[in-house]
Amino acid sequence: MQKKSFAFLPITSFMMALTTFVSQNRGAKEYERARKGAHFGLVCSVSLAETIGLLIALFATPLMRLFVDDPQVIQYGVERAHYATILFFLLAYSHGVSAVLRGVGKSVVPMVVMLVCWCLVRVTLLTMLNMLFHNILFVYLIYPFTWSLSSIVFFLYYRKINWQE
């Protein structure tokens with residue numbers, strides 16, 4: 001069971017709306033409205049993703065049993081849920097700021113941040129840690145780690161956006 005999909009669909013919907021809202025309001029020179037709308041959209045998306053993540057973490061075992069009967073697979077799924085889903089707000093934040101940045105015309109920044117954090121760092125760490133330790137715990141932890149890393153980078157960059165440029 002891919003737990004990310006439960007939270008990812010609402011996050012994706014917010015992202016498409018955020019990009020459109022921010023870009024249209026910037027085009028209309030409604031910079032303050034674009035900024036406030038971006039903030040509201042980020043808060044809503046992060047809140048919704050975290051609520052879904054907490055519900056998945058709370059009901060991980062019965063949710064896993066909907067899809068599989070193997071106790072070992074259920075155990076792995078529940079473990080992953082407990083490590084990753086409680087940090088879904090980081091996933092939503094990274095996607096949200098990416099959407100806002102695309103809306104303000106800075107689409108290269110989210111592409112580079114995601115490629116570096118979610119591809120280069122994640123794959124490198126997974127490869128190295130697997131060779132050294134061969135423990136699935138690192139797979140569970142690397143995803144929230146790279147979400148955290150991208151969220152920090154996006155937070156720092158987001159604070160510097162010039163809404164009128």
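**A helix and its surroundings**

Helix α6, residues 108-132, comprises 25 residues and reaches 34 Å from its first C-alpha to its last, close to the 36 Å expected at 1.5 Å a residue. The expected span is 1.5 Å times one less than the number of residues, and helices (H or I, at least four residues) and strands (E, at least two) are DSSP runs numbered from the N terminus. This is a predicted model, in which local features need pLDDT of at least 70 and side-chain atom pairs count only at pLDDT 80 or more, whereas totals for chains, interfaces and linings use all residues. Residues are numbered from 1 along each chain as its sequence is written, and side-chain values use heavy atoms, with hydrogens and water left out.

Helix α6 has a kink of about 25°, centred on Arg122; the bend at a residue is the angle between axes fitted to the seven residues ending there and the seven starting there. Arg122 is also one of the buried residues of α6, which are Pro110, Val113, Met114, Cys117, Trp118, Arg122 and Leu129. Here buried means under 20% relative accessible area, exposed over 50%, and partly exposed in between, with a 1.4 Å probe and protein chains only. An α-helix has 3.6 residues a turn, so residues three or four places apart point the same way. The buried residues of α6 pack against α5 (88-103) and α7 (136-158), contact being defined as heavy atoms within 4.5 Å.

Leaving aside neighbours within four places in sequence, Ser94 is in contact with Met114, Trp118, Trp147, Ser150, Ser151 and Phe154. Ser94 is buried, with a relative accessible area of 0%.

Two further buried positions lie in other helices. Ala49 is found in helix α2 (residues 31-58) and has a relative accessible area of 1%, so it counts as buried. Residues up to four places away in sequence not being counted, Ala49 touches Ile11, Phe88 and Ala92. Arg26, in helix α1 (residues 4-27), is buried at a relative accessible area of 15%. With neighbours within four places in sequence set aside, the contacts of Arg26 include Tyr31, Ala34, Gly103 and Trp163.

Most residues other than glycine have a negative phi. Lys29, however, has a positive phi of about 60° although it is not a glycine; this residue is found in the loop between α1 and α2 and counts as exposed at 59% relative accessibility. Just after α6, His134 takes a positive phi of about 50°. His134 is found in the loop between α6 and α7 and is exposed, with a relative accessible area of 65%.

Finally, the whole chain may be considered. The protein has seven helices and zero strands, and the C-alpha trace spans about 55 × 35 × 15 Å along its principal axes. Of its 165 residues, 39% count as buried. Among contacts between residues at least 6 apart in sequence, 77% join residues at least 24 apart.
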